[in-house]
Amino acid sequence: MHIHQLALKNYRNYDQMTLKFDDKINVIIGENAQGKTNLMEAIYVLAFSKSHRTPRDKELVQWEKEYAKIEGSVFKRNRYFPLEIVISSKGKKAKLNHLEQRRLSDYIGALNVVMFAPEDLNLVKGSPQVRRRFIDMEIGQIQPTYIYHLGQYQKILKQRNFLLKSLQRNQQSDRTMLQVLTEQLIEHAAFIIEKRFTFLDLLRKWAGPIHNGISRGIEQLEINYHGSIEVSEESNREKITTIYHERFAEMENREVERGSTLIGPHRDDLIFHVNGKDVQTYGSQGQQRTTALSLKLAEIELIFNEVGEYPILLLDDVLSELDDFRQSHLLNTIQGKVQTFVSTTSVEGIKHETLEKAELFRIENGKLLT
């Protein structure tokens, strides 16, 4: 799988630009605030229909422009096909093979992308929200129906929290609607938890050996799911549903007192242990970075295992954050099999044969220097 061509219009600081890429390694060189990260972000948006940097789509549209457009020609399963994302004040349109997709879950997964940026080094020591986003985005790539259930869950959760706040303020006393929303929430929550457990099992398969290799055989990585309800990873959806019913019944009065939904996938977390110790709390910076790198490399292999083709890898200003050994391990792993985009202020100091064969693009103020 690779992107053959990318075209941008009115996107961030790009007026209009079309680029053709090498199917192996592409290096985007530029000083800070010139647009190299914007270019990487555009590829991410083409894959996921939203940015990894901001939840506000309007920030992607150039100032005083009516819309922004990203077009890509993608090679996958031995054929080329076009993808298109248009963002405007009227909303967002996603086209696959020139056909507008009514649901984003029908669009996501057409282009598989793994992003590794400096903020991903916070995957281990950051907030639970960062880890939930990580697992949700990756499951969505290999099982697009997950995106639909996650979206429905978030929509119902918002309605339920609004109702709980109304009940908390004694603005109403009838709890019939609360029970209806709880029933709907549980349906989607059970689906989400089941799929997260399945994904986690696959992630462990790849991340453990990779981490062991990077640490030169001295560290063992374990990944555990920390849920807001007591349910084992062997539980099927029916069992998960039953436990949610029991717990929500027990928690109803407390949730009304707090005015918030206190259990569910939105409260869950991933916990990483290295040699039996919690890496977030007790791990060194090196162990935390090795864990984050292991997870990203595991994503690549996992997607290949599920989809049958390697995803596109975006390395956004991250090589300079890694020491020489981790840098080499990353580049050796992807060499020759993954289309990779590397953004950097300079290739000096990064000595690896992979980059010596790369296609170079120099960006200045949203324009390609020739």
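Reader: Which residues are linked with Arg53 in a network of salt bridges?

Author: This is a predicted model, and in it Arg12 and Glu41 are linked with Arg53 in such a network. Within that group, the side chains of Glu41 and Arg12 meet in a salt bridge with an N to O distance of 2.8 Å.

Reader: Where do Glu41 and Arg12 lie?

Author: Glu41 belongs to helix H1, whereas Arg12 sits in the loop between strand E1 (2-11) and strand E2 (14-20), so the pair ties together parts that are 29 residues apart in sequence.

Reader: And is Glu41 buried or exposed?

Author: Glu41 is buried, because its relative accessible area is 0%, and the cut-off for buried is under 20%.

Reader: How many salt bridges does the count come to?

Author: The count comes to 20 salt bridges. One of them joins Arg131 to Asp269, with the closest N and O atoms 2.7 Å apart. Arg131 is in helix H2 (residues 128-142) and Asp269 in strand E10 (residues 269-274), so this pair ties together parts that are 138 residues apart in sequence. Arg131 and Asp269 are both buried. Another salt bridge is formed by the side chains of Arg160 and Glu255, at 2.8 Å from N to O, and it links helix H3 (residues 145-168) with helix H5 (residues 237-258), the two residues being 95 residues apart. Arg160 and Glu255 are buried as well.

Reader: Changing topic, what does the domain assignment give for the chain?

Author: The assignment gives domain 1 as 1-112 + 309-369 and domain 2 as 121-307. Their C-alpha centres lie 28 Å apart, and the contact takes 28 residues from domain 1 and 22 residues from domain 2.

Reader: How much area do domain 1 and domain 2 bury between them?

Author: They bury about 2,300 Å², of which 66% is on carbon and sulfur atoms. On the side of domain 1, Glu309, Phe325 and Arg326 supply 23% of the area buried against domain 2, more than any other three residues.

Reader: What about polar contacts and salt bridges between domain 1 and domain 2?

Author: There are two salt bridges between the domains, and eight residue pairs are in polar contact across the interface.

Reader: Which element gives the most to the side of domain 1 that touches domain 2?

Author: Helix H8 (324-334) does, with six residues. By type, the residues on that side of domain 1 divide into 13 nonpolar, seven polar and eight charged.

Note on methods:
Residues numbered from 1 in each chain as written. Predicted model: local features only at pLDDT ≥ 70, side-chain atom pairs only at ≥ 80, totals over all residues. Heavy atoms only, no water. Domains from an automatic or database assignment. Contact = heavy atoms within 4.5 Å. Buried area = accessible area lost by both parts, 1.4 Å probe. Salt bridge = Lys/Arg side-chain N within 4 Å of Asp/Glu carboxyl O. Polar contact = N/O pair within 3.5 Å; in protein donor to acceptor, adjacent residues only side chain to side chain. Helix = DSSP H or I, 4+ residues; strand = E, 2+ residues; numbered from the N terminus. Nonpolar A, V, L, I, M, F, W, Y, C, P; charged D, E, K, R; others polar. Buried < 20%, exposed > 50% of the residue type's maximum accessible area, 1.4 Å probe, protein only.
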